[in-house]
2 protein chains.
Amino acid sequence: MPGWVVVGPGDDAAVVERARGAMDVLTTDACVDGVHFESRLVPAGAIGHRALAVNLSDLAAMGADPRAALLSLALPDPLAVEDFDALVDGLLRLARTHGVTLIGGNITRTPGPLTIDVTAVGSVRPRRVLTRAGARPGDDLYVTGTLGDAATGLKALRAGDAPGAAPLGAIERYLRPVPRVRAGRLLGGHRAASSCIDLSDGLADGVRQLAEASSVGVALDGPAIPIAREVRDWHARAGSDAADAALNGGDDYELLFTVRPAHRGRLRAVRTALGDLPVTRVGRVTRGRDLIIADGAVTREVGAGFEHFR
Amino acid sequence: MPGWVVVGPGDDAAVVERARGAMDVLTTDACVDGVHFESRLVPAGAIGHRALAVNLSDLAAMGADPRAALLSLALPDPLAVEDFDALVDGLLRLARTHGVTLIGGNITRTPGPLTIDVTAVGSVRPRRVLTRAGARPGDDLYVTGTLGDAATGLKALRAGDAPGAAPLGAIERYLRPVPRVRAGRLLGGHRAASSCIDLSDGLADGVRQLAEASSVGVALDGPAIPIAREVRDWHARAGSDAADAALNGGDDYELLFTVRPAHRGRLRAVRTALGDLPVTRVGRVTRGRDLIIADGAVTREVGAGFEHFR
């Protein structure tokens, strides 16, 4: 336990000293077998990884530095000891990667499905906080990484692709999503982003929520949406739509954020610090409240009506 | 939302300013239908109350001042809207009573039973923290309130007592346990207690855990264990054992704590501030690691072997 954990697991509650000059950032998210994952497709280690990753992704979207986590596990009776160990191990590995300390938790049995509730605690300096609400007309819209990977990986897992045909990178993205903790911290630390959200349910959903919280519209630049070659190839072979996976597929946990035109220099500094992780401009913030996606001459609404876009 | 909540519910995470000069205290606890309560016996409002109460009780046992909570709900499909509303209302009422702000949460569906995970966040000044580990031989052992009420209330609920025969106080104690937040804060604030734990699984279990954490033994004074008249009467009528309910019955959420002989004056100050809530000496801490319970000439071990004690 690091020195700032005054009382760790095993007492009635955990006691932690705060990071100097920072505010607490707290989030909780549950993963339920059969709702958020299917235990027949996802190894136990990945279940543990995902349960923490979705919470760290929320902290990343606030520009916060993750510090601690609490784990609440409801275990079904037939869960094997090896699976329990692998689940906790998967969670602890990701925690170590991000310097997160497990400070407490709770284990209970359940007559229902495996349910994992994680609460993640981070810290952030005042004025470094990223929210969904700061976008203004004229801001540019960006995403980290590539989109549609996780949805494609899940489809491939369900299809039971032969080893040679399986999009291994996309499957790994689904099984062990990488929370963009460093990107969020840099975007907040450099005060480069005017708003930020993490993509848990697809780009279209993220755009909708960010636009609503900021009372703005968004015009997406369809062809700019970053899609991995492996994902394009898999959909070409399957006769399905990679762009639809990118726009409407969930579980990517990339960051969607806006940048004021005057702050492009700050974004350059973030990009330099980030190194390999792509940051792609995918549209701009508009005054009107419409959410549209443009592909050359063709413009469509982003939303329920959206069906096919290449 | 109070001013210290910088970002409340609705964003990716909550952001809160810290209490000055204090440390964070965090705990999480789950309530699963069929494991921690039976929804056919417990009204929805009481389910919400209990889910928060068990967490506030953990904060109380640390001497912490509760500030905020996060709620993670997994709802089964047939849950009625009225039940959902009543559940949240029951939780929010108790939150208001203790000045707790709901800063975030998460709702998901589940193919399993109703599962409520609450994370409670409090604050405590350094050197005011109560842990389980501070008891020393010679300390006196105390409990707040009366014991066995909740277990008796649950028994009566299950038995379906006629209105006249039902122990209404005990049933209320089971349905809406009162977390001893003020007692915990006073015990920590006056530095009166050397160790503290809340009683979620009975006095015997609490004694065992406190003794183990402090590497001491405990000698309980059987006849001193406080049992409400209503509870004694109900067990006398039912032909069952009130003392067993007090020792081994769960869900009372009273505080069990130790006081150094030199600090009895501090405890007097706490008692005066507490007013009506009884505080009863139930034993003392011993050097040997045994856990015993004495009733006049008869002395037994506290533990698995314990069966009958009057």
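Strand 3 of chain A runs antiparallel to strand 2 (residues 14-16) of chain B, and three bridges join the two. Within this pairing, A:D24 stands opposite B:V16 in strand 2 of chain B. The model is a predicted one, and the points below are grouped by topic.

- A:D65 has A:S123, in strand 6 of chain A, as its bridge partner.

**Sheet ending in strand 1 of chain A and strand 5 of chain B**

- Another open sheet of six strands has the order 1(A)-2(A)-3(B)-6(B)-4(B)-5(B), again with mixed pairing.
- Here strand 1 (5-7) of chain A and strand 5 (101-110) of chain B stand at the edges; because each has a single partner strand, one side of each is left without a neighbour in the sheet.
- Direction ignored, neighbouring strands of this sheet are turned by 20° against each other on average.
- The chains are linked in this sheet by strand 2 (residues 14-16) of chain A and strand 3 (residues 23-32) of chain B, which pair in the antiparallel sense over three bridges.
- In that pairing, A:V16 stands opposite B:D24 in strand 3 of chain B.

**Relation between the two chains**

**Interface between chain A and chain B**

- Contacts between the chains involve 49 residues of chain A and 49 residues of chain B.
- On the side of chain A that touches chain B, the elements that each supply at least two residues include strand 1, strand 2, helix 1 (44-61), strand 4 (65-76), strand 6 (115-124) and strand 8 (195-198) of chain A.
- Strand 3 of chain A provides the largest share of that side, with nine residues.
- By class, the residues on the side of chain A that touches chain B divide into 25 nonpolar, 13 polar and 11 charged.
- Since 100% of the interface residues of chain A are also interface residues in chain B, the copies meet through the same surface.

**Strand pairing around strand 11 of chain B**

- Strand 7 (residues 140-144) of chain B runs antiparallel to strand 11 (residues 279-286) of chain B, with five bridges between them.
- Strand 9 (residues 217-221) of chain B also runs antiparallel to strand 11 of chain B, joined to it by four bridges.
- B:R284 in strand 11 of chain B is the bridge partner of B:D140, and B:R284 is likewise the bridge partner of B:A219.

**Helix packing in chain A**

- Helix 5 (residues 181-189) and helix 9 (residues 264-274) of chain A pack at an angle of about 150°, and their axes are 9 Å apart.
- With angles over 145 degrees counted as roughly antiparallel, helix 5 of chain A and helix 9 of chain A are therefore roughly antiparallel to each other.
- The crossing of helix 5 of chain A and helix 9 of chain A is right-handed.
- In this contact, A:R182, A:A183, A:L186 and A:L187 of helix 5 meet A:V270, A:A273 and A:L274 of helix 9.
- The contact of helix 5 with helix 9 of chain A comprises six nonpolar, no polar and one charged residues.

**Helix packing in chain B**

- Helix 3 (residues 149-159) and helix 7 (residues 229-238) of chain B pack at an angle of about 45°, with 10 Å between their axes.
- Helix 3 of chain B and helix 7 of chain B are therefore oblique to each other, and their crossing is left-handed.
- B:D149, B:T152 and B:A156 in helix 3 of chain B meet B:V231, B:W234 and B:H235 in helix 7 of chain B.
- By class, the contact of helix 3 with helix 7 of chain B has three nonpolar, two polar and one charged residues.

Terms used. Residues numbered from 1 in each chain as written. Chains lettered and ligands numbered in written order. Predicted model: local features only at pLDDT ≥ 70, side-chain atom pairs only at ≥ 80, totals over all residues. Pairing = 2+ DSSP bridges. Axes fitted to C-alpha atoms, helices over the stretch in contact; angles between N-to-C directions. Parallel < 35°, antiparallel > 145°, perpendicular 65-115°, else oblique. Left-handed = near helix turned anticlockwise from the far one by under 90°. Contact = placed C-beta atoms within 7 Å. Nonpolar A, V, L, I, M, F, W, Y, C, P; charged D, E, K, R; others polar.
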